[in-house]
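Please look over the chain below before reading on. The report takes up salt bridges, helices and a pocket in turn.

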Amino acid sequence: FYKRIIAIDSTNFSVYKQLSNMVESNEGIVFAAPYLAKANRLNPTDGEIAYDFSRVLKATKQNKLAEDVLDAALVADSSNLILLRGKAEIAYASERWPVVIRICEKILQEGDSTAQVVKMLGESYFFSRNYTRSIELLQSLEKKSMENESILYFLAMSFKGLKNQGKAIEYLYKTIEEGISPNIADYYSHIGDSFEKRKMAKKALAAYQKSLQFEVKPMTYYAIANIYDQQLKNSASALRYFRKYLAAKPPLKEQKLYIEFSASRVKELSR
């Protein structure tokens, strides 16, 4: 229906705006580009359209044109925070750190302290070697539990820049923990189980050992012990891992049979 309207009236700004919103919702902003371009030509001062159109242009590496679009809209509304954020995003993509700092500080003063703005600002201060300000901003996100791998990394590097190696190490460990899936130990255990079922004992052991690097689980010890015991006939290693399994205090209710079997194997292999 909207397309029928613009077939009759090709200069109807509000219809192009509606079309761009619908296409973006269903197919993504890149597919809305023709409608955004037309709407922007009809009304270059509309902040919402200017921001969305600038995102399309930035995505296609047309940063200068994207900035021109935002500047035209800012003439009509110089304090529009969405437009200012768009300018900061383009400056960030272009690695113009002083520009990002100037715009984002203004946005903060206007009361917009969203994570995206604070993150851009904190990282720009890092690249400008103002490590203290970078830490102040990025830790404010950490205090709100809004940290991610990137934020923790820049905190670590900022402390490193200040030669505070203790804090740098602390945050590098946090970065590693944030960057690794909490399920990775299970993934390696499943790999080990698959190799074990294919009778590929050495590869299974390697996968189980890798799993233990990320999280110690009693059943992983049991799986290793069982491979040494049943497949490799290595009594000494089997005994060591059956003992590790029992020492890890596996849950009695869920693993009663495994516990009983392991205890009997420890007794048998100790003879």
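Is Glu67 buried or exposed? In this predicted model, Glu67 is buried, because its relative accessible area is 12% and the cut-off for buried is under 20%.

**Salt bridges**

The structure holds 19 salt bridges. Three of them are set out here.

| Pair | N to O distance |
|---|---|
| Arg96 and Glu67 | 3.1 Å |
| Asp229 and Arg265 | 2.8 Å |
| Lys256 and Glu260 | 2.5 Å |

Glu67 meets Arg96 side chain to side chain in a salt bridge. This pair links distant parts of the chain, 29 residues apart. Glu67 sits in helix α5 (residues 63–76), while Arg96 is in the loop between α6 (81–93) and α7. Arg96 is partly exposed, with 29% relative accessible area.

Asp229 pairs with Arg265 in a salt bridge. Here too the link joins distant parts of the chain: Asp229 belongs to helix α14 and Arg265 to helix α16, 36 residues apart. Asp229 is buried at 7% relative accessible area. Arg265 also counts as buried, at 18%.

Lys256 and Glu260 both lie in helix α16. They are four residues apart, about one turn of the helix. An α-helix has 3.6 residues a turn, so residues three or four places apart point the same way. Lys256 counts as partly exposed at 43% relative accessibility. Glu260 is partly exposed, with a relative accessible area of 41%. Elsewhere, salt bridges with shared partners join Glu67, Asp71, Lys87 and Arg96 into one network.

α14 has 14 residues, and 11 of them are buried. Among the buried ones are Pro218, Tyr221, Ile224 and Asp229. What covers them includes α12, α13 (201–214), α15 (235–247) and α16 (256–269). From first C-alpha to last, α14 reaches 20 Å, close to the 20 Å expected at 1.5 Å a residue. Lys233 follows α14 and has a positive phi, near 55°.

Which helices each supply at least two residues of the lining of the largest pocket? They are α12 (184–197) and α14 (218–231). The volume of this pocket is about 210 Å³. Its lining includes Asp186, His190, Glu196, Lys217, Thr220 and Asn226. The lining residues divide into four nonpolar, four polar and four charged.

**Helix α9**

The 13 residues of α9 (residues 131–143) should span 18 Å at 1.5 Å a residue, and the end C-alpha atoms are 18 Å apart, which agrees. Its buried residues include Tyr131, Ile135, Leu138 and Glu142. Cover for the buried residues comes from elements including α7 (97–109), α8 (115–127), α10 (149–161) and α11 (165–179). Just after α9, Ser145 takes a positive phi of about 60°.

Ser20 is found in helix α2, as is Glu24 (residues 13–27 for the helix). Ser20 is buried, with 1% relative accessible area. Glu24 counts as partly exposed at 24%. Neighbours within four places in sequence are left aside for the contacts that follow. Ser20 is in contact with Ala32, Tyr35, Leu36 and Ile49. Glu24 is in contact with Ile29, Ala32, Asp52 and Arg55. The C-alpha atoms of Glu24 and Leu57 are separated by 14 Å, and the two residues are 33 residues apart along the chain.

Conventions. Residues are numbered from 1 along each chain as its sequence is written. This is a predicted model: local features need pLDDT of at least 70, side-chain atom pairs count only at pLDDT 80 or more; totals for chains, interfaces and linings use all residues. Side-chain values use heavy atoms; hydrogens and water are left out. On a 1 Å grid over the protein atoms alone, a cavity is a set of points where a 1.4 Å probe fits but cannot get out, and a pocket is an open set with protein on both sides within 12 Å along at least five of seven lines; lining residues have an atom within 4 Å of a point. Grid points are joined across faces, edges and corners, and a volume is the space filled by probe spheres set on the points. Ala, Val, Leu, Ile, Met, Phe, Trp, Tyr, Cys and Pro count as nonpolar, Asp, Glu, Lys and Arg as charged, and the others, Gly among them, as polar. The expected span of a helix is 1.5 Å times one less than its number of residues. Buried means under 20% relative accessible area, exposed over 50%, partly exposed in between (1.4 Å probe, protein chains only). Contact means heavy atoms within 4.5 Å. A salt bridge is a side-chain nitrogen of Lys or Arg within 4 Å of a carboxyl oxygen of Asp or Glu.
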